[in-house]
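Please open the model in your viewer and keep the selection panel at hand. The tour below goes from one selection to the next and says what is to be found at each stop.

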Amino acid sequence: MAERGDESLVHTLKKVAAVLKQEEIPFALGGSFAVYAHGGHSSEHDVDFLIRELDVERALEALVAAGFAAEHPPEDWLVKVFDGGRMVDLIHRPIETPVTEETFADTVIRPVDAIHMPVLSATQLMVHKLLSFSQHYCDFARGLPLARSLREQIDWERVRKETQHSPYAEAFLVLLDRLEVVPHPGTPQGEGTP
């Protein structure tokens, strides 16, 4: 984690995880630190935890009691906590889908700077990234490091199935094929699209 250049953000991540664990609030690490926990590279530097909506207020109370400042932003799918100037998002509805027990079932336990915690699966991280692309935000450069560095851990068939309704996801998957990161379905391994 040292190469991330932000040890204080890692310390904040660990503090939040410790409070959630102590209070027995189910959570999963998401976002760029989840990519890092899987051994991948991420160009973003933020901390995202996924929690259920029914646990939001209890999580905020516990984190405020531990010295964090809380904020309810205008967006209705997350809340934020601050440790000094370091921000952590507590997301209860990523990509317009509520966090549920099924979300937590799609995690793996990984060490993050010596603290073991549930981390969203590489496949689900890719699904979330692809479904975040829209007409208002479509920065493929942010998805490429994730796809390249975690490609062997990602169930690409599942990614295609769960994102098939999104033309932005489809375009990104075609890009991965053309860049020979991941072959398009039906393309023999090692043969790119002409």
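Begin by selecting helix 6, residues 140–150, where Phe140, Gly143, Leu144, Pro145, Leu146, Ala147 and Leu150 are buried (under 20% relative accessible area with a 1.4 Å probe, protein chains only; exposed is over 50%, and partly exposed lies in between). Helices here are DSSP runs of H or I with at least four residues, strands are runs of E with at least two, and both are numbered from the N terminus. This is a predicted model, in which local features need pLDDT of at least 70 and side-chain atom pairs count only at pLDDT 80 or more, whereas totals for chains, interfaces and linings use all residues. Residues are numbered from 1 along each chain as its sequence is written, and side-chain values use heavy atoms, with hydrogens and water left out.

Next, display what covers the buried residues of helix 6, which includes helix 2 (31–37), helix 5 (122–132), helix 7 (156–163) and helix 8 (167–178).

Move on to helix 5, which is mostly covered, since nine of its 11 residues are buried; among them are Met126, Val127 and His128. The contact (heavy atoms within 4.5 Å) is made by Thr123, Gln124, Met126, Val127, Leu130 and Leu131 of helix 5 and Trp156, Arg158, Val159, Glu162 and Thr163 of helix 7.

Keep helix 7 and bring in helix 8: their axes come within 9 Å and cross at roughly 150 degrees, and the two helices are therefore roughly antiparallel (the term applies to angles over 145 degrees). Here Trp156, Val159, Arg160 and Thr163 in helix 7 meet Ala169, Leu173 and Leu176 in helix 8.

For the last stop, select histidine 92, in the loop between strand 5 (86–91) and helix 4 (101–105). Is histidine 92 buried or exposed? Its relative accessibility is 6%, so histidine 92 counts as buried. Leaving aside neighbours within four places in sequence, histidine 92 is in contact with residues including Ile51, Arg52, Glu53, Trp77 and Pro98.

Technical notes:
Axes are lines fitted to C-alpha atoms, for helices over the stretch in contact, and angles run from 0 to 180 degrees between N-to-C directions. Angles under 35 degrees count as roughly parallel, over 145 as roughly antiparallel, 65 to 115 as roughly perpendicular and the rest as oblique.
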